[in-house]
Amino acid sequence: MPCGPANGRTRLVVNVRVIPFMLDPRTLRENHDTLRTALLRRHGSGQTYAKLGADLDRLLTLDDQRRRLVQSAQELEQQRNELSRQIGAKKRAGDDTAALQQNVHALKQQLEAAAAEREQTEAALNDLALRIPNVPDASVPVGAGESDNVVVRTWGELPKFPFAPRQHFEVAEALGVLDLESAARLAGARFALLKGAGALLERALINFMLDLHTSAHGYREIVPPFLVNPATMRGTGQLPKFEEDLFKIGGERTLYLIPTAEVPLTNLHGGELLDEARLPELVTAYSPCFRSEAGSYGKDTRGILRVHQFNKVELVNITTPETSHEALETMTRSAEKVLQLLGIPYRVVALCTADLGFAAAKTYDIEVWLPGQNCYREISSCSNCTDFQARRANIRYRPADGGKPRFVHTLNGSGLAVGRTWIAIMENCQQADGSVLVPPVLRPYMRGLERIVVEN
């Protein structure tokens, strides 16, 4: 949908003393058991389950402790103000104020001690609050892992070959359009170097996806920074929990290479109060994505399925709570349209509670068919993060009816992962002679090229 007027937002002054609850604090305090049960649906048993339960109980304890300290400080401040008033009155009357001043000094020491304890409590509360995941939506299937995900729908017929289909790296290296050896020499393992028609195909996919989402789906294109500060990473949930998965740059200031354009796009309105008329705001961006893939060593080591640097076209929707569930369905359909136009079979899977990402309340994965591997592999995740990221980044909107400002809901999805789409074309469109047919919709982006053949 078209973006609203540029003057439809005002900058907020953020109170640094506010604890950045990613969960509704009223629910935490008044319906703790209900919230605890809902969050623990993410983990059926085991150490992770026990730790999350303990963290939630600890969060409530710290919140109670902080509020008691705030109340105690207010009472001490009132006492000091009253003593100061009495001291002023006695001085005007010529009476001795030494005892009262001694009491004021004692109160000052108590206030300083209370402030230090409050600061310590708030630091612990801040850190813990940032590590609690989002609450799964009630519609998410309960499960213990990937095997409990639910297939929602499938599209396209699986290709049949008169030969044994090869994996993408076998096809591409034989054509001379993928050079993993040079990439490893330049940067190390898990990097790729595309050549000739392979590089052209990558660029064609980026342009095709951006054109589709901007012209047909109503997204506005953004070119964001590919390096962001820690606050931006915290806003979408990468920090502090997933710092080991990020590439960090030091020096005069700390910056991180983005793992996805979701990070800068979602934080575009961090600390702002938007007019409801501006919503929904749909933005898209191409970006390189950088991930250390910590903990994934030994997985998908051959080819370019899991690499440290890859390209992706991202979709982000900032909207109201009432419209976010339908917005997730629409975003998923938009991502699916890419594969439909390319003619590549896929399926849509609803992730179960245990398979949800940290910030997501509900997620659909789009899994593309890879005949060389004889299986489906994820090519997009579309998620409704409800108000989880909005609370971290402090993004609110002013309701049109004049009601109290509310947190927006944020959604994000891959539209699509370019490298994995490249892989899907190599495997689904491979021919008996080793060439690869270019999907007709991409040919205008590839100077009319119909087939990728061996390059000299």
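His213 is in contact (heavy atoms within 4.5 Å) with Gly218, Tyr219, Val313, Leu315, Ser334, Ala335, Val338 and Gly415, leaving aside its neighbours within four places in sequence. This is a predicted model: local features need pLDDT of at least 70, side-chain atom pairs count only at pLDDT 80 or more, and totals for chains, interfaces and linings use all residues. Residues are numbered from 1 along each chain as its sequence is written, and side-chain values use heavy atoms, with hydrogens and water left out.

His213 belongs to helix H7, residues 196–215. Helices (H or I, at least four residues) and strands (E, at least two) are DSSP runs, numbered from the N terminus. His213 counts as buried because its relative accessibility is 0%. Buried means under 20% relative accessible area, exposed means over 50%, and partly exposed lies in between (1.4 Å probe, protein chains only).

Now to the sheet. Strands of a sheet pair through backbone hydrogen bonds, either parallel or antiparallel. Here two strands pair if DSSP finds at least two bridges between them. An open sheet is formed by 8 strands in the order E2-E10-E11-E12-E15-E9-E8-E3, and the pairing is mixed. Strand E2 (150–155) and strand E3 (220–221) are the edge strands, each pairing on one side only.

E11 runs antiparallel to strand E10 (residues 346–350), with 5 bridges joining them. Ala350 stands opposite Tyr364 of E11. E11 also pairs with strand E12 (residues 375–384) in the antiparallel sense, over 9 bridges. Lys362 stands opposite Asn384 in E12. E11 and E12 form a hairpin with 4 residues between them, and Asn374 in the turn has a positive phi of about 60°.

Further along, strand E9 (residues 309–319) and strand E15 (residues 409–417) run antiparallel and are joined by 7 bridges. The bridge partner of Ile318 in E15 is Thr410.

Two helices lie across strands of the sheet. Helix H10 (residues 324–342) lies across E2, E9, E10, E11, E12 and E15, at about 10° to E15. Helix H12 (residues 418–428) lies across E9, E11, E12 and E15, at about 35° to E15. Axes are lines fitted to C-alpha atoms, for helices over the stretch in contact, and angles run from 0 to 180 degrees between N-to-C directions.
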